Amino acid sequence: MIYPKKPLAQSILQICLAKGIVDIVISPGSRNAPLTIGFANNPDFNCYSIADERCAAFFAMGIAQQIKRPVAVVCTSGSALLNYYPAIAEAFYSQIPLIVISADRPQSKIDIGDGQTIRQENVFENHSLYNANLTEEASKENDHKVNEAIDIAFYKKGPVHINAPFEEPLYETVSELTVDVMVNHFASLNSMKTLEDLAPFVEIWNQSTKKLILVGTNDPYLISNEIIQTLAKDESVVVMTETTSNLHHPDFISNIDTIITPFTESDFEDFCPEILITFGGMIVSKRIKAFLRKYQPKEHWHIDSLRAYDTFDALTKHFEVNPNTFFESFLPLTKAVKSDYFSKASELKVLRKEKQQYYLSKIPFSDFLVFDTIIKSLLQHSQLQISNSSAIRYAQLIEIDPSIEVFCNRGTSGIDGSTSTAIGAAVASKKPTVFITGDVSFLYDSNALWNAYIPENFKIILINNGGGGIFRILPGHEENPVFNTFFETSHQLTAEHLAKMYGLNYFKASDEKSLESGLNQLYANNNQPSILEIFTPTTENDTILKQFFKELV
């Protein structure tokens, strides 16, 4: 076996291996050579080489999203490290375990004019759960910091930063390890938390006739079927989910904006819950957030073992356990309450569905029609990754097969690393994966395709409407050069030559007939990753979408 000669690098490698950190995404560099030599020469590690650090971090995050274990990213010194920041912020807010291991110059070389040198210590302080600033020599103190960083990433579900200084020479190797390391573990934080006396909350529940359960971003299969069935049978409970909630029942409402956008003031007042229970991550729907901030519930309980955001300025209780633990203890203590809350919402759901189907049958080729066609075409038991901006918002309007797992970077809701994340997730999950993206998001992260690990069954569906279509939907749209250039980012670029350069199959569509043909070709080609680029009209999509909400009444 080949090992780096640097004792500090040996220590980091041994602790990572002992604690099960075996997926390592490395960006080429010189200062990180001791780490690269150690990771890449040990067959116990799964190493990936991704040149662009921003893409590398999102790729690693996609793997971690799927395996639910920390993934390490390794880079050289200097500005390379700063390129990790968008993914660090996303991992922080999405509660995804990520371990940044950055090589650095020794402290004596900082701020003296040395090349590729910046102030790396604590650089992610605002968005990392722990910062391990190591000293150059191996030591028990360094070992303790590395141990703690890894444990915190795992148990607190977020990013940590390990900064490791190395002096030249950097490429020397040895055939035997020369240091013994200290490996320790601390108990899972969740195992220490128990539910308090639920009696006061049960009493509130049993006296309430309108209870809204709103589910944000949620891992598939997280909630037990028994709990799902119990909630669905309660006539005083309405469960609202989103595409990213990965929670399904025929009686749940999955198209929130379709339901509430046409509401009048009296409708909002009537629908306002007495109790709001939330769990999962970030909520996509701006409309539900605006509704609950204006018409606030008397009680808002959030269920999460780690964090509770006061999204609606109405939070009254944070239950620091996972949702299954809470509901398994809570629901048996509750009793049925006479209510028409569910029946009213159910009637509205049926009406809105009829209106939506009719509207889709009469509109021309457009983003809305394309999304409806795409989502209905997805293969069962596949994985869907969605980019942000318009893509995730259109997806919210359309029912999806319950067997399909859905993911989106909703922590910070940025467009910057969606493609890289989707590829990392596809690598880890091994499932057929479709990634739906808009043109600006795709072009912004085009270096994601500079990746030797894209699975053969990975498919990109790119909706190209010639710019950032979301800005036409938002208030403030005006058809003028300033808007078109600086907000919408109008362009005439396509993915055709990128696909050719990176060795992906390429198909295109621009009407309903070619869309059907393109989807058939896309799903038939499983021996090479593929792109289907769909060209939609730039100036009609916003009008069609806005009119949809008007015709739902």
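Now widen the selection to residues 33-40, the whole of helix α2. This helix is mostly covered, with six of its eight residues buried. Keep in mind that you are looking at a predicted model.

**Zoom out to the whole chain**

Show everything as a cartoon. The chain has 21 helices and 19 strands. Its radius of gyration is 25 Å, close to the 24 Å that the globule rule gives for 553 residues, so the chain is as compact as a globular protein of that length. Along the principal axes, the C-alpha atoms fill a box of roughly 70 × 60 × 45 Å.

The accessible surface comes to about 23,000 Å². Carbon and sulfur atoms hold 51% of that area. Of the 553 residues, 57% count as buried.

Colour by charge next. There are 46 positive and 65 negative charges, and their mean positions are 3 Å apart.

**Select the aromatic rings**

Across the whole structure, a search finds 29 aromatic pairs. Pick F201 and F319. Their ring centres are 5.0 Å apart, with 75 degrees between the planes, and the pair is edge-to-face. F201 lies in helix α6 (residues 199-206) and F319 in strand β13 (residues 317-319), so the pair ties together parts that are 118 residues apart in sequence.

Go on to F279 and F327. Here the ring centres are 6.0 Å apart and the planes stand at 70 degrees, so this pair is edge-to-face. F279 sits in strand β11 (residues 275-279), while F327 sits in helix α11 (residues 323-330), so the pair ties together parts that are 48 residues apart in sequence. F279 is buried at 2% relative accessibility. F327 is buried at 1%.

Together, F201, W205, F279, W301, F319, F326, F327 and F330 form one aromatic cluster.

**Step to H300**

Select H300 in strand β12 (residues 299-303). At 1% relative accessibility, H300 counts as buried. What does H300 touch, leaving aside its neighbours within four places in sequence? Its contacts are L276, T278, Y309, F312, A314, L315, T316 and K317. Show their side chains around H300. Two of these names lie in elements you have visited: L276 and T278 fall within residues 275-279 of β11.

**Finish at T494**

Move to the loop between α18 (481-487) and α19 (496-502), where T494 has its place. T494 is partly exposed, with a relative accessible area of 33%. Compare H300, which counts as buried at 1%.

Draw a C-alpha to C-alpha distance from T494 to I534. The two are 9.9 Å apart in space and 40 residues apart in sequence. Which residues is T494 in contact with, leaving aside its neighbours within four places in sequence? They are N464, E533 and F535. Select those three together with T494 to end the tour.

Terms used
Residues are numbered from 1 along each chain as its sequence is written. This is a predicted model: local features need pLDDT of at least 70, side-chain atom pairs count only at pLDDT 80 or more; totals for chains, interfaces and linings use all residues. Side-chain values use heavy atoms; hydrogens and water are left out. Helices (H or I, at least four residues) and strands (E, at least two) are DSSP runs, numbered from the N terminus. The radius of gyration is taken over C-alpha atoms; the globule rule is 2.2 Å times the number of residues to the power 0.38. Buried means under 20% relative accessible area, exposed over 50%, partly exposed in between (1.4 Å probe, protein chains only). Accessible areas come from the Shrake-Rupley method with a 1.4 Å probe; for residues, only the protein chains shown count as cover. Lys and Arg count as positive and Asp and Glu as negative; His and the chain ends are not counted. The place of a charge is taken as NZ of Lys, CZ of Arg, CG of Asp or CD of Glu. Rings of Phe, Tyr and Trp (its six-membered ring) pair if their centres lie within 6.5 Å; planes under 30 degrees apart count as stacked, over 60 as edge-to-face and the rest as tilted. Contact means heavy atoms within 4.5 Å.
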